Amino acid sequence: MAESDYTPPNVWKWETDHGGPFANTNKPTAGAQFEKELPVGDHPLQLYSRGTPNGIKVTIMLEELLAAGHSGAEYDAWSIDIGSQEQFGSGFVEINPNSKIPALLDYSTEKPTRVFESGAILLYLAEKHQAFMPADPSTRPEMLSWLMWQMGSAPYLGGGFGHFYSYAPIKIQYAIDRFTMEVKRQLDLLDQRLDENEFICGDEYTIADIAIWPWYGGTVLGWQYRAKDFLDGPSYKNVTRWAEQLYKRPSVQRGRMVNRARGDAKYSVPERHSMADFEGKMPEPL
Ligand SMILES: N[C@@H](CCC(=O)N[C@@H](CS)C(=O)NCC(=O)O)C(=O)O
């Protein structure tokens with residue numbers, strides 16, 4: 001392995017350009033950077049998001065709730081252009097001080113309720129509508145365990161593997177090896193789990209599946225970082241079976257289209273305010 005000629009200084013200093021596609025987005029400080037109000041639609045739930053794996057967890061859940069007849073889950077999905085730093089506008093920061101999509105505002109409560117962090121939003125919606133949580137309370141800790149597993153693990157896949165394999169301006173073998181190892185360990189874990197279980201929590205489809213699918217399903221299906229071959233995706237047969245099975249669900253297909261900002265326009269619904277927004281659109285084929 002090549003030696004690096006970098007020695008960390010005693011105190012790190014921020015340079016405005018560290019390179020890579022997120023050089024303009026990332027700063028070592030938090031808080032609003034400019035004044036900007038958010039739009040508000042007619043529905044009880046206002047979602048401010050983007051069609052990334054963390055964003056589509058929530059739109060899949062909302063589409064599932066609506067398909068299951070929970071009319072209180074009607075929502076407006078507004079697009080936050082994270083590439084243009086809209087997540088640092090004052091209105092968005094009021095809902096999510098961490099400046100990351102997705103963020104939800106629920107106007108059906110006495111005072112509007114803000115929820116940020118995709119896992120918290122899934123749990124909030126599941127509890128509110130008593131849906132996509134295990135019916136048997138004794139299975140609930142299993143669902144919570146996998147939900148928290150996803151929230152803790154996906155940053156290794158996204159911020160670690162995806163960043164160094166796909167986005168970093170230089171390819172660093174040490175970093176790619178380290179995060180590839182961990183991601184393959186995670187995929188092996190899921191593969192073993194899905195060998196004995198139809199869904200993550202057994203025979204019930206829950207928010208644990210909805211949280212895990214966009215990241216790990218997206219990886220074996222070849223959407224995340226185009227790394228299906230590099231990670232030998234097809235060798236994770238059970239994850240692939242589960243990922244394909246979930247993508248047959250119309251709600252998952254619709255959820256993946258909402259706030260999608262890249263690719264062919266016929267696969268994306270930039271903003272969602274009603275079912276009519278899906279007219280003329282179709283899910284991206286596998
Ligand atoms: N743990 C957070 C992570 C959210 C997150 O990282 N969102 C990304 C898009 S997937 C984002 O908003 N990035 C913009 C930025 O980092 O400034 C969650 O699950 O909600």
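Two conventions apply throughout. Residue numbers start from 1 along each chain as its sequence is written. Because the model is predicted, local features need pLDDT of at least 70 and side-chain atom pairs count only at pLDDT 80 or more, while totals for chains, interfaces and linings use all residues.

I begin with the overall division. The protein has a domain 1, made of 20-132 + 258-286, and a domain 2, covering 137-247; these bounds come from an automatic or database domain assignment. The two domain centres, taken over C-alpha atoms, are separated by 22 Å. Domain 1 gives 14 residues to the contact and domain 2 gives 17 residues, where contact requires C-beta atoms, placed from the backbone, within 7 Å. On the domain 1 side, α1 (53-67) and α3 (118-129) each supply at least two residues. That side of domain 1 divides into 10 nonpolar, three polar and one charged. In this scheme Ala, Val, Leu, Ile, Met, Phe, Trp, Tyr, Cys and Pro count as nonpolar, Asp, Glu, Lys and Arg as charged, and the others, Gly among them, as polar. Helices are DSSP runs of H or I with at least four residues, strands are runs of E with at least two, and both are numbered from the N terminus.

I turn next to the packing of α4. Which residues of α3 meet α4? They are Gly119, Leu122 and Leu123, and their partners in α4 are Leu147, Gln150 and Met151. The axes of α3 and α4 lie 10 Å apart at an angle of about 160 degrees, which makes α3 roughly antiparallel to α4. Axes are lines fitted to C-alpha atoms, for helices over the stretch in contact, and angles run from 0 to 180 degrees between N-to-C directions. Angles under 35 degrees count as roughly parallel, over 145 as roughly antiparallel, 65 to 115 as roughly perpendicular and the rest as oblique. The crossing of α3 and α4 is right-handed; a left-handed crossing has the near helix turned anticlockwise from the far one by less than a right angle, and a right-handed one has it turned clockwise.

Helix α4 (residues 140-167) also packs with α6 (residues 207-220), at about 25 degrees and with axes 8 Å apart. That makes α4 roughly parallel to α6, and the crossing is left-handed. Among the residues that meet here are Trp146 and Leu147 of α4, and Ala211 and Trp215 of α6. The contact of α4 with α6 holds 10 nonpolar, two polar and no charged residues.

The axes of α4 and α5 (residues 173-196) come within 9 Å and cross at roughly 145 degrees, in a left-handed crossing. The residues in this contact include Phe161 and Phe164 from α4, with Phe179 and Glu182 from α5. Nine nonpolar, four polar and one charged residue make up the contact of α4 with α5.

Where is Pro102 placed? Pro102 sits in the loop between α2 (90-95) and β3 (103-106), and the peptide bond from Ile101 to Pro102 is cis, with omega near 5 degrees. Glu117 lies in the loop between β4 (113-116) and α3. Phi of Glu117 is near 80 degrees, a positive value in a residue other than glycine.

Definitions and conventions:
Two residues are in contact if their C-beta atoms, placed from the backbone, lie within 7 Å.
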